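Hi,

Here is the structure I promised to pass on to you. Please open it alongside this email, and my notes follow just below.

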Amino acid sequence: MAGPMMGPKKAGGPGRGPNMVMQKPKDVKRAVKFLWQYLNKSKYLLILAFVLVLINIIATLNATAKLQPIIDNFLDKNLYLTNTERISGLFLGVLVLFSFYLISVFAQYFQSLLMVKVTQGTIKTLREDLFNH
């Protein structure tokens, strides 16, 4: 067993043999700079992915914020609303919630696609540079 007092931690998981040891880079700043050279080629895709993350967050927060007024305005028994007003208000509220969640789902989906594209492209370039030398 590897632990704080037992020596280096053995790596497991996909792509790692059972006897490989995980190592941290000696110079983290240099390692990040090296990786950024490869990621910089996809900076516009990364910026777009970040924008999609923001859209996802905003849509989810808006949906959450709209839920309380819907409950307060249309499900409260103390309000004097007809059944038709309650149902139409609930329907409109559910439609608004659905639209926010739909925006959130699409933003998250396309952000995931972009990140897969960036990751695979970066790994491909790294491998080409590694094996072409």
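The lining of the largest pocket is made up, by class, of four nonpolar residues, with no polar and no charged ones. Those residues are Ala31, Phe34, Leu35 and Leu126. The space in this pocket comes to about 190 Å³. Helix α1, which covers residues 28–39, gives the most to the lining, with three residues. Please keep in mind that this is a predicted model.

Now for the wider fold. The protein has three helices and zero strands, and from the N terminus on the elements run α-α-α. Of the 133 residues in the protein, 16% are buried. If you look at contacts between residues at least 6 apart in sequence, 58% of them join residues at least 24 apart.

Next, the packing of two helices. How do α1 and α3 lie relative to each other? Their axes come within 9 Å and cross at roughly 110°, with α3 spanning residues 83–131. Crossing angles of 65 to 115 degrees count as roughly perpendicular, and α1 and α3 are therefore roughly perpendicular to each other. On the α1 side, the contact is made by Phe34, Leu35, Tyr38 and Leu39, while α3 brings Val118, Thr122, Thr125, Leu126 and Asp129. By class, the residues of this contact divide into six nonpolar, two polar and one charged. Two of the α1 residues in the contact, Phe34 and Leu35, also line the largest pocket, and so does Leu126, which belongs to the α3 side of the contact.

One residue of that contact is worth a click. Threonine 122 lies in helix α3. Is threonine 122 buried or exposed? Its relative accessible area is 9%, and buried means under 20%, so threonine 122 is buried. Leaving aside neighbours within four places in sequence, threonine 122 is in contact with Tyr38 and Leu39.

Finally, a look at helix α2. Phenylalanine 74 has its place in this helix, which runs over residues 43–74. With a relative accessibility of 23%, phenylalanine 74 counts as partly exposed. Which residues does phenylalanine 74 contact, leaving aside its neighbours within four places in sequence? They are Leu81, Glu85, Arg86, Gly89 and Leu90. For leucine 90, the separation from phenylalanine 74 is 16 residues in sequence and 6.3 Å in space, C-alpha to C-alpha.

Happy browsing, and do write back with any questions.

Best wishes

Note on methods
Residues are numbered from 1 along each chain as its sequence is written. This is a predicted model: local features need pLDDT of at least 70, side-chain atom pairs count only at pLDDT 80 or more; totals for chains, interfaces and linings use all residues. Side-chain values use heavy atoms; hydrogens and water are left out. On a 1 Å grid over the protein atoms alone, a cavity is a set of points where a 1.4 Å probe fits but cannot get out, and a pocket is an open set with protein on both sides within 12 Å along at least five of seven lines; lining residues have an atom within 4 Å of a point. Grid points are joined across faces, edges and corners, and a volume is the space filled by probe spheres set on the points. Helices (H or I, at least four residues) and strands (E, at least two) are DSSP runs, numbered from the N terminus. Ala, Val, Leu, Ile, Met, Phe, Trp, Tyr, Cys and Pro count as nonpolar, Asp, Glu, Lys and Arg as charged, and the others, Gly among them, as polar. Axes are lines fitted to C-alpha atoms, for helices over the stretch in contact, and angles run from 0 to 180 degrees between N-to-C directions. Angles under 35 degrees count as roughly parallel, over 145 as roughly antiparallel, 65 to 115 as roughly perpendicular and the rest as oblique. Contact means heavy atoms within 4.5 Å. Buried means under 20% relative accessible area, exposed over 50%, partly exposed in between (1.4 Å probe, protein chains only).
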